[in-house]
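Hi,

Here is the structure I promised to pass on. Have a look at it first, and my notes on helix packing and cavities follow below.

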Amino acid sequence: MLVLVAPGQGAQTPGFLTPWLDLPGVEARLRAWSEVIGLDLVHYGTDADADEIRDTAVAQPLLVAAGLVSAVALGAYASAADAAGAPGAVAGHSVGEITAAAVAGVLSEDEALTLVRKRGLAMAEAAAITATGMSALLGGDPDVSVKHLEKLGLTPANINGAGQIVAAGTLEQLAALAEDKPEGVRKVIALKVAGAFHTHHMGPAVDALAEAAKELSPADPKLTYVSNKDGRTVASGGEVVDRLVGQVANPVRWDLCMETFQELGVTALLELCPGGTLTGLAKRALPGVKTLALKTPDDLDAARELIAEHS
């Protein structure tokens, strides 16, 4: 059973969409989406520097667009749910959940890009209220780390499994964490994000996203959809959207998502563009499961072989 996953913010790198523009129809698709959301996805995916694409309002729609471009190239959309090559389940990490919702048929492409554009803008506005950020903790016991973070006033915003927790809070709180690591934690790494996502600091963004969600017409997922909220599968399109809204200010439980993948009988995990982060976690947390990160079109043949073998 193959699980298709979409990465979250921080996976973007300068120029990562450049090779995808060589595929027929990709540039036209990106330019059409750019018109819909008022953001030049081609520029940001090819010519923009690291600082430009670190901007939350840019990074989030860029990542969803990249994931959808690679899903289209694979033929992995829910419209192919009855085909032999359909994935057994889909999930996304943080903003990648919007990519997964589109792949599963809950949202149209335009709805997904419109929602993520509003999400990115709202989260950027919320992040501007207080200087905040996020840092990854490598190693250590999760229970010990969570207690230590709470003592420092930080939120365990991403519990990713495989020994990785991401802390979020004010820059002062994160500086204190760097000086006072939890017992057993090898390293604390500041992430390339511009706010304390999935914490109470994002409360204003939840309200803005709830308003945006009123304009959507979600369909029930045609593929098994696994939610970040609690790792459970969700069969209602309306509930998927409700969870997308609330998740902005609540922790990502990717550890529970991977537990659900195991319960579903996962044998392979394929990460959409720009892949790498989630396959890295799967290699440590899901031993014996084959993984493949879709980085460039050169990876498409191997991805299709993986789908054919495990779908």
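In H9, the residues Val 206, Leu 209, Ala 210 and Ala 213 meet Val 241, Leu 244 and Val 245 of H10. Sorted by class, that contact comes out as 7 nonpolar residues, with no polar and no charged ones. Before I go on, keep in mind that this is a predicted model.

As for the geometry of that pair, H9 covers residues 203-213 and H10 covers residues 237-246, and their axes cross at roughly 155 degrees and come within 8 Å. Since angles over 145 degrees count as roughly antiparallel, that makes H9 roughly antiparallel to H10. H9 passes H10 in a right-handed crossing.

Now over to H1, which turns up in two packing pairs below.

With H4: H1 (residues 26-37) and H4 (residues 56-74) pack at about 145 degrees, and their axes are 11 Å apart. On the H1 side the contact is made by Val 26, Arg 29, Leu 30, Trp 33 and Ile 37, while H4 brings Pro 61, Ala 65, Leu 68, Val 69 and Val 72. By class that gives 9 nonpolar residues, 1 charged and no polar. The crossing of H1 past H4 is right-handed.

With H6: here H1 packs against residues 109-127 at an angle of about 50 degrees, with the axes 10 Å apart. H1 and H6 are therefore oblique to each other, and their crossing is right-handed. Which residues meet in this pair? From H1 they are Arg 29, Trp 33, Val 36 and Ile 37, and from H6 they are Glu 109, Asp 110, Leu 113, Thr 114 and Arg 117. This contact divides into 4 nonpolar, 1 polar and 4 charged residues. If you want to click through H1, Arg 29, Trp 33 and Ile 37 are listed in its contact with H4 and also in its contact with H6.

Last, the cavities. How many of 30 Å³ or more are there? The count comes to 1, and the largest cavity has a volume of about 40 Å³. Its lining consists of Ser 94, Glu 97, Ile 98, Arg 119, Leu 209, Leu 244 and Gln 247, which by class is 3 nonpolar, 2 polar and 2 charged residues.

Cheers

Methods: Residues numbered from 1 in each chain as written. Predicted model: local features only at pLDDT ≥ 70, side-chain atom pairs only at ≥ 80, totals over all residues. Heavy atoms only, no water. Axes fitted to C-alpha atoms, helices over the stretch in contact; angles between N-to-C directions. Helix = DSSP H or I, 4+ residues; strand = E, 2+ residues; numbered from the N terminus. Left-handed = near helix turned anticlockwise from the far one by under 90°. Contact = heavy atoms within 4.5 Å. Nonpolar A, V, L, I, M, F, W, Y, C, P; charged D, E, K, R; others polar. 1 Å grid on protein atoms, 1.4 Å probe; cavity = no way out; pocket = protein on both sides within 12 Å on 5 of 7 lines; lining within 4 Å. Points joined across faces, edges and corners; volume = space filled by probe spheres on them. Parallel < 35°, antiparallel > 145°, perpendicular 65-115°, else oblique.
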